[in-house]
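Below is what I looked up, entry by entry.

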Amino acid sequence: MSEPKKTALYDAHVRYGGKIVDYAGWALPVQFEGLTAEHDAVRNNAGLFDVSHMGEVEIKGSQATDYLQNLITNDVSSMKEYQVIYSLMCYPDGGIVDDLLVYKYTNNHYMLVINAANTEKDVQWMKDNVGNYDVVINNISHNVSELALQGPKAEEILQKLTDTDLSKIPFFFFEEDVNISGKKCLISRTGYTGEDGFEIYMKNEDAEYLWDKILEAGKDKGIKPAGLGCRDTLRFEANLPLYGNELSPEITPLEAGYGFFVKLNKPDFIGKEALEKQKAEGLKRKIVGFEMIEPGIPRHGYDVLADDKVIGFVTTGYSSPTLKKNIGLAMVDIEYSELDTIIEIQIRKKTAKAKVVKRKFYTKQYKK
Amino acid sequence: MEVRNDLYYSNDHEWVSVEGNKAYVGITDFAQHSLGEIVYVELPEVGDELSAGDVFSVIESVKAASDSYMPVSGKIIEVNEELSDSPQLINEDPYGNWIVVVEMSDKSELDDLMNAEQYEEFCSKED
């Protein structure tokens, strides 16, 4: 294994007492004060995350819109300028290459935000599928740092540092060249926690300055620096998928339960035929929510059993900090996917009973 | 980080308090601190016969499950049931909350463990 890469905020993480781990090839803090304290701060006040490991790719050219229409599952044709949408990107067999955010500047200019671990693979996939489209693909990840300020007090805190009226940026829209404490940033009202908040993109050299400024501005509002540990528990409670858990090349968006982001009514796109067929034939398995009835904490990768056989696997499981329950998401055979079905989770040498429940563990608190 | 003088310590951050043939076993302050908030403790059954190095308990934080290993061989004669409902007691007072009591089958195994001074030295290299 090569040395993990450092984000522009590495020194700041060490300075704030972050416990550094290797995540997708990046040296990032899994926690500062503690996972639960940071999780609660985001739910009740605000948390600041370094998400500079995420990949950013520019798509420019006269056929940028048509190119994206073919590349991804969601519909970019109806996007407004400065809108953001969530989408999946599939292989021809319907398996998932990655999930991503699409930022639209104009019909000829977009920015895609992709997962750190997939950046190289995705960029290659995007290039392999250029065909005759007039587009230029530019991986700008190494020039961009990204912070996520999340929580009910995010707007109030960020507003202290800018003259731009943040209340005018709607949910899933962005603004460029926003002056935050004298630094030019792109900010979107987006996030991965189920709370209101912003994702803030900036030059690497401005990252540490802004990190300190935002934490200082939020000091009396209960802001905390937050690590990857609570990023995962927060997104999980809000039923937001993680690539490698709920999404993978072996899982289709329909099986994962994100069919809303697959627009089968738009003209051809990669994976459309396979997904149409899967929809027509009916799913053989899908991801459900479950709650433990017997003691034990479900974890990613554990087997799910019923009728004395393995009928699936846990995609994510936790002792939920917000709900104080042991809950999880699992891919199960379709005949075990009805609400209230009793299943069993293999936890080390024992099995423990669980019940299929709605996936909406936590109701998202977005400002729409 | 607190280390107590009257205890034995293992490489895996368990402490042992000896009373005749009985060993009270818990995890150290260092261990509870690096685990973070403990949300679940899986206990063995009374009567289980385990060897030094065997897993006797699994301690789970929100983030992950971590195995605890027997510092000495013997039979489990008591488990701390209180931890089933209140696993956070280990965070609050790691030396006041033993996890199991072992009837040691070979007391000479205690010689393989560290004393407080050695353990402190060991931890200083770990972090």
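Which residues of helix α4 (residues 119-128) of chain A are buried?

**Ground rules.** This is a predicted model, where I take local features only at pLDDT of at least 70 and side-chain atom pairs only at pLDDT 80 or more, while totals for chains, interfaces and linings use all residues. Residues count from 1 along each chain as its sequence is written, and chains are lettered from A and ligands numbered from 1 in the order in which they are written.

**Entry 1, helix α4 of chain A.** I found T119(A), D122(A) and M126(A) buried. For me, buried means that 20 or more other C-beta atoms lie within 10 Å of the residue's own, exposed means 12 or fewer, and partly exposed is in between, with C-beta atoms placed from the backbone. Helices (H or I, at least four residues) and strands (E, at least two) are DSSP runs, numbered from the N terminus. Next I checked what covers the buried residues, and the cover includes β5, α3 (64-71), β7 (96-106), β8 and β9 of chain A.

**Entry 2, strand β5 of chain A.** Strands pair if DSSP finds at least two bridges between them. β5 (residues 55-60) runs antiparallel to β8 (residues 109-114) of chain A, with six bridges joining them. β5(A) also pairs with β9 (residues 136-139) of chain A, again antiparallel, over four bridges. V57(A) has L112(A) as its bridge partner in β8(A) and stands opposite N139(A) in β9(A).

I looked at one pair inside: β4 (residues 46-50) and β10 (residues 144-150) of chain A are antiparallel, over four bridges. In that pair, G47(A) has Q150(A) as its bridge partner.

An automatic or database domain assignment supplies the bounds: domain 1 is 5-52 + 142-237 and domain 2 is 284-357. Seven residues from domain 1 and six from domain 2 of chain A make the contact, which requires C-beta atoms, placed from the backbone, to lie within 7 Å. On the domain 1 side, α2 (35-44) and α7 (228-237) of chain A each supply at least two residues. The largest share of that side, four residues, is from α2(A).

Nine residues of chain B are in contact with 12 of chain A. β4 (38-42) and β6 (55-61) of chain B each give at least two residues to the side that touches chain A. Those two strands also belong to an open antiparallel sheet of three, in the order β4-β6-β7 (chain B). β4(B) and β6(B) share four bridges, and E42(B) stands opposite V58(B) in β6(B).

Terms used
Two residues are in contact if their C-beta atoms, placed from the backbone, lie within 7 Å.
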